[in-house]
Structures are given as structure tokens and as C-alpha cells.
Amino acid sequence: MSLIYFIPDWDDRVDPNYDFINDTHSPDRDPYHSDYYAHQIYNEPPYDGILVSRAVIDRQPSKLELIRDIGSIKRYLRLPESHTVLGDCGAFSYWREENPPYKNEEMLEFYQRLGFDFGVSVDHLIFAGLDHDKERRWNITMENAEVFIKRHRAGRYTFTPIGVVQGWDPESYRRGARQLIKMGYRYIAIGGLVRSATKDIIRILSAIQEELSPGIRVHLFGVNRPEYVHVFAQLGVTSFDSASRLRRAWIDGERNYFLGDDAYTAIRVPYSSKMTGKSPSNEKELQKMEKDALTRLRDYDRGIVSINQVFESIVAYTELSGKMSSRMRREYWRTLQEEPWKRCPCAICRSIGVEVIIFRGNNRNRRRGFHNTWQLYQNIKSNSASAPSCDLTRYEALLAPPQPLPPPSPDTRRAAPPRGEADGRG
Ligand SMILES: [Zn+2]
């Protein structure tokens, strides 16, 4: 089974006709109708599907209205039919609440009415600081999963139900996974590990793996370090979601542009209008140096100016708002010298060239994020067992020793339904 990658939806779109030289949007642009998602830029979407959280939709009531008007979540996202949409509640948005704000019935209706392919049961996050409440939250998640699948079975729902487990240690996750499988889930999801250390994720997956029977699919929510997904896959994970590479394009201080196993620092050329106040220079001077930096980057890309000349312009502009660290200087030099954007065959790098490495505004930064996502997807799809991150023996010391299973509790003794019954399509 190949590893399935979902990207979380946060309205990541760019203006397809953005004018990079004049830094202007296309005329009469409407941010939803005119702008493109990554899957509209590339011939093949750089992911297998999109994860949409109800809590994210609920933040903009007009968005829900628009999805309903358009007819389905997939059409709203302009995603090809061959690709899938996975829905969840977005538990991160209500972890402070005593109880999840959503009821099972309304989530079932929500997934069905908007045409989701997969729908995740209602869960409640468990964090380190919530020790006093962990059992209660674990029980809420399990009880919801049970009601969710029962109602799903009784109703005429066409999406595939996914039962989610939350926990605080390998054993609590293992217990949860076992219960979900007994309830009849053929697809389970593991939540609450976004901020966990890789070694802890590995311990938890190893515990869960002992509960898995052939054909059970496992989704891992919120993978922060996608370089480890092949290790997770060897521990039973069949799908995951991650926005990490997309976001690093503009959030990370250093690793902004990924190429193969390498990462490069994007060259910051902020808008001069945003630098007034941060710099003693006047507006005109700022504008001139901003223009110099951009022009030299383009000329350097064409081989017209030397690396020293472009580097000098960039440093001069950057230092108008403060001294540049020697580390940043080294990283910029490396980016310029290695010109990674010339080595990427993706549609964005081929069409906008050096603009992709310039850290400046949504249209460059998000395109760089799309490129990162595309690179990650190539890596996931082409990965061979020979990749170093795939060598499980490196992690053996981290794996929890097998533990004897406790006797089943009364509520897990019910027989599982016949195979496939809980699994509609997909
Ligand atoms: Zn690229």
C-alpha cells in the first residue's frame, strides 16, 4: 500500500497572473475565484487529497455558504475527482473547552452534505498540561467514536468513517486503537502528536501496530517532520497530513526552500514600504536599494552580474534595518552559489525562476511552499527502502519493548462487524 499524503486546507492560493516585475496582482482579481490552489498549477496535484477541518470552515460563515452553493467540498476546492477530501472537527481549535462543540449527528450530516470522502469521529485533545483530565477526554473521544460508527452504519452515509484515538502514552493509544478496531473501524486516525518528539511518535506507533490486523488503515494527524514518514509507514501508518513543508517556506528562519534532502534559505527582500520606521533611511533611498537588490538577483540568475555584486546589494538592503548575522550571510551565499531553483523541474521553478527563492509577499512565499510540497510528494512517491530515513534499525533502541496486553474491558468485548461493513468506499 503506498503512503497517502493529505495537505490541510488553509486557503493556500496564489494569483496565477501575478506580475513579479511590478509586484501587482492581475486586474479584477477575486481572491477565491481567480486564485489557484497548488493542484491547479501542477499537472498532477502534489498530494493525494486535502484535509478540511470543520473548525476552519466555521471561522468564515461565508465559506460554508459558498461550499453549499457550489455543491460539494471537492468542487469548492477544485480538486480532481480522482483525489479525496478528508474531514475532521479540528480539535486543536477547541482544546480549551470542556467538551467538543460538535455532536456526532451534526458531523455525520456535515460530511455527507458536503460530499467528503472520509469523515473523522469527534475527538478531544489531550496535552501534557491536561493530566487531571486525560481519562475523561480519552473517554469522550472513544464514546463519540462508538456513537459515530453506529449511526454511520444505521444511516445512508456514503463517506468512509474514520475513528480517532487520542492518548498520553503508548499504552493509552494502544487501548484506544484496539477499541476502535473492535467497534468496526477499518480506518483509524492517531491524533495529538503534532508537537511530540519523533522518538515518542515511534513508541506510540509501535504500540498501536500490535493491534493492527491486515487491511486496517492508519492515518497520522499533523506530521511536523515529514522526513520521517517512511519510518512511520513501516510502523503501520498508511496516510498522513502535513503542512510543514508548505509553511516552512515563510515561517522557518533558515530552511525555506527544499530540494531533495537539502534545504536552503530564501533571500529576504522585504517591501520597502514595510521597512519605513525600522530603518533610518528615507523612503526614496529604501526604494532604490530594494530595486537594486531585486534587479541584481534577476541579473545574477541570467549570468549578467557576479555573485559578489548581488550579495553586496542584498546585504546592503538588509542591513538598512539592522546588522546581518554571519550565519545568515553564509546561508545567503550558499543559496546564491548553488542556485537550487535552477535544478528543480517543478512547474513553478520552471516558470518563475529566481522569484521563487525571494522571500517577499504571498505570491512568492506561497509558491515556494507549493514547490516544497511538490518536492515532498515526489519524495514520498518515489521513495525506495534504501532511503536512510527508512532504516528502522536506527530506531530500534527507541522502540518500546512489547508488553503483555491487559484483559479486555467489558465495553470492548463486543464482536466486530463483518469486514468492510464500516468501510463504505475509498
Ligand atoms: Zn520547484
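**Close-up views of a predicted model**

**View 1. Helices α13 and α14 pack against each other.** Helix α13 (residues 307-318) packs with helix α14 (residues 326-338) at an angle of about 140°, their axes lying 11 Å apart; helices (H or I, at least four residues) and strands (E, at least two) are DSSP runs numbered from the N terminus, and axes are lines fitted to C-alpha atoms, for helices over the stretch in contact, with angles running from 0 to 180 degrees between N-to-C directions. The model is predicted, so local features need pLDDT of at least 70 and side-chain atom pairs count only at pLDDT 80 or more, whereas totals for chains, interfaces and linings use all residues. Residues are numbered from 1 along each chain as its sequence is written. The two helices α13 and α14 are therefore oblique to each other (angles under 35 degrees count as roughly parallel, over 145 as roughly antiparallel, 65 to 115 as roughly perpendicular and the rest as oblique). Ile307, Val310, Phe311, Ile314 and Val315 in α13 meet Arg329, Tyr332, Trp333, Leu336 and Gln337 in α14, contact requiring C-beta atoms, placed from the backbone, to lie within 7 Å. By class, this contact of α13 with α14 comprises eight nonpolar, one polar and one charged residues (Ala, Val, Leu, Ile, Met, Phe, Trp, Tyr, Cys and Pro count as nonpolar, Asp, Glu, Lys and Arg as charged, and the others, Gly among them, as polar).

**View 2. Helices α5 and α6 form another packed pair.** Helix α5 (residues 104-113) and helix α6 (residues 134-154) pack at about 50°, with their axes 9 Å apart, which makes α5 oblique to α6. Asn104, Glu105 and Leu108 in α5 meet Asn144, Val147, Phe148, Arg151 and His152 in α6, and by class the contact of α5 with α6 has three nonpolar, three polar and two charged residues.

**View 3. Eight strands close into a barrel.** The strands follow the order β1-β2-β3-β4-β5-β6-β7-β8 with parallel pairing, two strands being paired if DSSP finds at least two bridges between them. Helix α7 (residues 170-183) lies across β5 (160-165) and β6, running at about 155° to β5.

**View 4. Cys346 lies in the loop between α14 and α15 (347-352).** Cys346 is buried, since 22 other C-beta atoms lie within 10 Å (buried means 20 or more other C-beta atoms within 10 Å of its own, exposed 12 or fewer, and partly exposed in between, with C-beta atoms placed from the backbone). Cys346 touches His371 and Trp374, residues up to four places away in sequence not being counted.

Methods. Two residues are in contact if their C-beta atoms, placed from the backbone, lie within 7 Å.
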